[in-house]
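Morning, everyone. Please bring up the model on your screens. I'll keep this short.

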Amino acid sequence: MKIDLRSDTITKPSSPMLNAMFAATVGDDVFGDDPTVSEFEHKVAQLFGMEAGLFCPSGTMANQLAIKVHTSPGGQVICHKNSHVYLYEGGGIALNSNCSVKLLDGEFGLLSAVDVKEAINDKDDIHFPISQLVSLENTMNKGGGACYNFEDFVAIKEVCIQNGLKLHLDGARLFNAIVANGESTLAYGSVFDTISICFSKGLGCPIGSVLIGSKEDIKSARRARKAMGGGWRQAGYLAAAGLFALENNIERLSEDHRRAKEIGEVLSTLGFVKNVYPVHTNIVIFELKEEVSGIDFVANLLEKDIHVVTFGKNLVRIVTHLDFDEEQLELLIKTLLALSI
């Protein structure tokens with residue numbers, strides 16, 4: 001039995017989701033006449049109490065569009081040193097927006113209002129770029145799926161308002177945080193200027209992210225998306241998957257979280273594991289002891305048809321998802337307990 005825990009991006013559409021996709025009414029979205037795309041964008045924006053949405057091929061594009069909308073060339077983006085927008089988006093901040101980045105530390109990838117305030121440059125000092133945008137990530141991928149306390153968002157927003165900065169949220173796995181913490185989608189919409197939400201991770205769609213914000217910001221993002229080659233045609237087939245996910249795949253994220261916690265608890269008992277990051281949602285990151293090679297560990301599991309990834313020196317990541325069921329969980333745990341390393 002193959003067990004693939006490399007990421008929650010590896011899921012395939014369920015039969016009901018495929019049926020919804022095949023039944024979609026579509027048009028040409030570049031002309032603005034794909035009704036299913038329009039419905040999807042509107043529904044996501046409305047859920048968060050924001051004015052408009054923009055369906056994008058990827059979370060990377062959605063994040064990069066937000067950064068471009070909120071900055072001008074020569075400006076600066078403040079983010080955590082392990083943030084996706086900095087590490088895993090191909091240098092897009094420099095390439096697309098011609099901005100520099102101020103990288104901050106913070107436990108498990110999370111920032112505080114004090115961190116942000118201290119990072120803002122004096123806009124009257126010509127030696128430094130003007131700080132224009134703060135980008136946060138929730139849940140934090142490199143932090144083991146760590147979640148912010150919502151009060152920290154509110155405090156950071158106040159710092160941004162006081163200093164004339166915009167606030168963007170990379171919410172690739174935002175619904176994981178919302179389910180785990182019992183939070184309000186409307187509360188998020190009241191704090192952030194823009195939010196990107198990925199539907200091809202925990203929500204199980206084959207592709208796509210939505211950027212939400214004000215009508216003005218989304219209008220600018222739509223123009224920039226076109227320039228990047230991101231205009232859709234009959235994208236309603238994909239948007240229909242997103243609509244299905246909103247109705248059916250949010251609350252079930254708690255199952256992924258439970259299974260991830262069980263895996264983390266087992267790993268913490270194993271002699272070859274030095275440390276397990278706190279498991280908040282569906283990501284498990286653990287550190288192997290110095291004498292255990294991460295590459296060899298992953299290769300060992302691969303021989304048993306269990307697929308995981310290294311995530312830095314002696315670090316390994318496991319991500320649970322909707323295609324990972326109870327039977328696979330039991331087999332994984334049995335295999336981990338039987339390893340002799």
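Predicted model: local features only at pLDDT ≥ 70, side-chain atom pairs only at ≥ 80, totals over all residues.

Let's start with the rings. A pair of aromatic rings is described by the distance of the centres and the angle of the planes. How many aromatic pairs do we get? The count comes to 13 aromatic pairs. I'll show you two of them.

Take F40 and F55. Their ring centres are 5.2 Å apart, and the planes sit at 85 degrees. Planes over 60 degrees apart count as edge-to-face, so that is what we call this pair. Now look at where the two residues sit. F40 is in helix α2, residues 35–47, and F55 is in strand β2, residues 52–56. The two parts are 15 residues apart in sequence, so the pair ties them together. The cut-off for buried is under 20%.

Next, F286 and F297. Here the centres lie 5.7 Å apart with the planes at 85 degrees, so this pair is edge-to-face. F286 belongs to strand β10, residues 283–288, while F297 belongs to helix α13, residues 294–302. They are 11 residues apart, and the pair links distant parts of the chain. F286 and F297 are both buried.

Y148, F150, F153, Y188 and F192 make up one aromatic cluster. And K142 lies over the face of F311, 4.6 Å from the ring centre.

Keep F286 in mind, because its strand, β10, takes us to the sheet. Strands of a sheet pair through backbone hydrogen bonds, either parallel or antiparallel. What is the strand order in this open sheet? The order is β9-β10-β13-β12, four strands with antiparallel pairing. β9 and β12, the latter at 309–310, stand at the edges. Each has a single partner strand, so one side of each is left without a neighbour in the sheet.

Now β10 and its partners. Strand β9, residues 273–276, pairs with β10 over 3 bridges, antiparallel. A hairpin joins β9 to β10 through 6 residues.

The largest pocket holds about 340 Å³ of space. It is lined by 24 residues, and T9, T60, H84, A172 and K201 are the closest to its centre. Which elements each supply at least two lining residues? α3, at 59–70, and β7, at 194–198, both do. By class, the lining has 6 nonpolar, 12 polar and 6 charged residues.

The second largest pocket holds about 170 Å³. Its lining is made of 13 residues, and the closest to the centre are K123, I130, S131, N163 and L165. β5, at 131–137, and α7, at 150–163, each supply at least two residues of that lining.

Conventions. Residues numbered from 1 in each chain as written. Heavy atoms only, no water. Phe/Tyr/Trp six-rings, centres within 6.5 Å; stacked < 30°, edge-to-face > 60°. Buried < 20%, exposed > 50% of the residue type's maximum accessible area, 1.4 Å probe, protein only. Lys NZ or Arg CZ within 6 Å of the ring centre and 35° of its normal. Pairing = 2+ DSSP bridges. 1 Å grid on protein atoms, 1.4 Å probe; cavity = no way out; pocket = protein on both sides within 12 Å on 5 of 7 lines; lining within 4 Å. Points joined across faces, edges and corners; volume = space filled by probe spheres on them. Nonpolar A, V, L, I, M, F, W, Y, C, P; charged D, E, K, R; others polar.
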